[in-house]
Every structure is written in structure tokens, then in C-alpha cells.
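Morning, everyone. Let me put the structure up, and then we go through it helix by helix.

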Amino acid sequence: MDTLTGVDRPAEPDGFRDFVESRSPALLRSGWLLTGDWSSAEDLVQTALAAAWPRWAGLRRQDAPELYVRKIMINTFLRWRQRRWNDEVATGRHALQAALDRLPARQRAVVVLRYFADQTETQTAAAMGCSVGAVKSHAAKALARLRDAPGLAELMTGGVAS
């Protein structure tokens, strides 16, 4: 029983705190790359961790907690993206964020998982609930769009033209 509120709270699942402490920085980076701002990234990670909490014992037995949390993050991001007002004008963002903003949600999710979270094609497919072929297709299309993104080539070459 919580002594301040007088309400029974469930016990913290074994290993949950260690997972949050060790993986939060990487999850937050992925959340930022998906959403474009830190407060939304924090909300996204918090939502995913809250969903993982009641299932934690099973996730640990399957040795898949991070995959599950990332899958929740992707699904939540995709739902949020569908509801977002599309006439929003982004200003003052870095070239990378601007380039990611131009990608469709599924392409953006693949780029974040594959290249920033260093997930395999199989892990990415599992997190997104699609086939490995779909991951490959989204990745190819996304990379083609990113190659043409204004400012991104300069960012990658340090302003030196190839």
C-alpha cells in the first residue's frame, strides 16, 4: 500500500527498472527520430513502457522486451501520424529531422528501426507487423527519397560536393 495515497499499487516487475534505465536513451533517440521533438518522444516511450509493464514477466521469459516496446512505439507513432494535421509547417529543425519529416510514416519507421536503432530486417518486420520484403521495399524507397533531400547530402559530406 502506498503510504501517501493509501492505494494498493502493483509491485514493480523484476528487471523492469533495469531495462528502463539501460534502454531509455536508445528508445528516446528512436522516439525523437520518429516524432521530431523530445516531448513527443518522451510521450511515445512512456506509452510503450506503460503497455509493457503488465506483460513484463512474459516478455522477459521470451527474451523480447525491447522488441515489444519498439513495436508498441511504432504502432503508436503510426496511429498518431494518421491523426496529425498535415498542414503543419515545421521550422527550425535540423536537416535530418526535416528529411525524415518528408517520409511517409512506414518508411520513416523502417529508417529509424533499421539504421538508427540497428535492428535487423527480421526484427524491423516483427516490430512493424509486416513482411521482411515490405521492410526492404520501404527501406529502398526511403533511402532514395533521403538521397534527394535538400540539405541532407551536405550534412553527410560536411558541405563538400562529391
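**Helix packing and the core**

Start with α1 and α2: they pack at an angle of about 135 degrees, and their axes are 8 Å apart. Axes here are lines fitted to C-alpha atoms, for helices over the stretch in contact, and angles run from 0 to 180 degrees between N-to-C directions. Helices themselves are DSSP runs of H or I, at least four residues, and strands are runs of E, at least two, numbered from the N terminus.

Two housekeeping points. This is a predicted model, so local features need pLDDT of at least 70, side-chain atom pairs count only at pLDDT 80 or more, and totals for chains, interfaces and linings use all residues. Residues are numbered from 1 along each chain as its sequence is written, and side-chain values use heavy atoms, with hydrogens and water left out.

Back to the pair. The angle makes α1 and α2 oblique to each other. The classes are these: under 35 degrees is roughly parallel, over 145 roughly antiparallel, 65 to 115 roughly perpendicular, and the rest oblique. The crossing of α1 past α2 is right-handed.

Who makes the contact? From α1, the residues include Phe16, Phe19, Leu27, Trp32 and Leu34. From α2, they include Trp38, Leu44, Val45 and Leu49. Contact means heavy atoms within 4.5 Å.

Now zoom out. The protein chain has 9 helices and 0 strands. It has 162 residues, and 37% of them count as buried. Buried is under 20% relative accessible area, exposed is over 50%, and partly exposed is in between, with a 1.4 Å probe and protein chains only. Take contacts between residues at least 6 apart in sequence: 65% of those join residues at least 24 apart.

Next, the core. In soluble globular proteins, nonpolar side chains tend to be buried together. A nonpolar core here is a set of buried Ala, Val, Leu, Ile, Met, Phe, Trp, Tyr and Cys residues joined through side-chain atoms within 4.5 Å. The largest one holds 38 residues, and Leu34, Val69, Met73 and Ile74 touch the most other members. At least two residues of this core come from each of α1 (16-35), α2 (38-52), α3 (56-61), α4 (65-83), α5, α6, α7 (121-128) and α8 (132-147).

Look at Val69. Set aside its neighbours within four places in sequence, and Val69 is in contact with Phe19, Leu27, Ala48, Leu49 and Ala52.

On to α6, residues 105-116. Its 12 residues should span 16 Å at 1.5 Å a residue, and the end C-alpha atoms are 15 Å apart, which agrees. That expected span is 1.5 Å times one less than the number of residues.

Is α6 enclosed or open? 9 of its 12 residues are buried, so α6 is largely enclosed by the rest of the structure.

What does α6 pack on? One partner is α8, at an angle of about 95 degrees, with the axes 8 Å apart. The two helices are therefore roughly perpendicular to each other. On the α6 side, the contact includes Arg106, Gln107, Val110 and Tyr115; on the α8 side, it includes Val135, His138, Ala142 and Leu146.

α7 also packs on α8, at about 100 degrees, again with axes 8 Å apart. That makes α7 roughly perpendicular to α8. Glu121, Thr122, Thr124 and Ala125 of α7 meet Val132, Val135 and Lys136 of α8.

Now the loops. Most residues other than glycine have a negative phi. Asp63 is not a glycine, yet has a positive phi of about 55 degrees. Asp63 sits in the loop between α3 and α4, and is exposed, at 69% relative accessible area. Asp118 lies in the loop between α6 and α7 and counts as exposed, at 66% relative accessibility.

Asp101, in helix α5 (residues 95-101), is buried, with a relative accessible area of 17%. Asp101 and Gly36 are 65 residues apart in sequence and 7.6 Å apart in space, C-alpha to C-alpha. Arg55, in the loop between α2 and α3, is partly exposed at 46%. Arg55 and Pro13 are 42 residues apart in sequence, with 9.2 Å between their C-alpha atoms.

Key
A crossing is left-handed if the near helix is turned anticlockwise from the far one by less than a right angle, and right-handed if clockwise.
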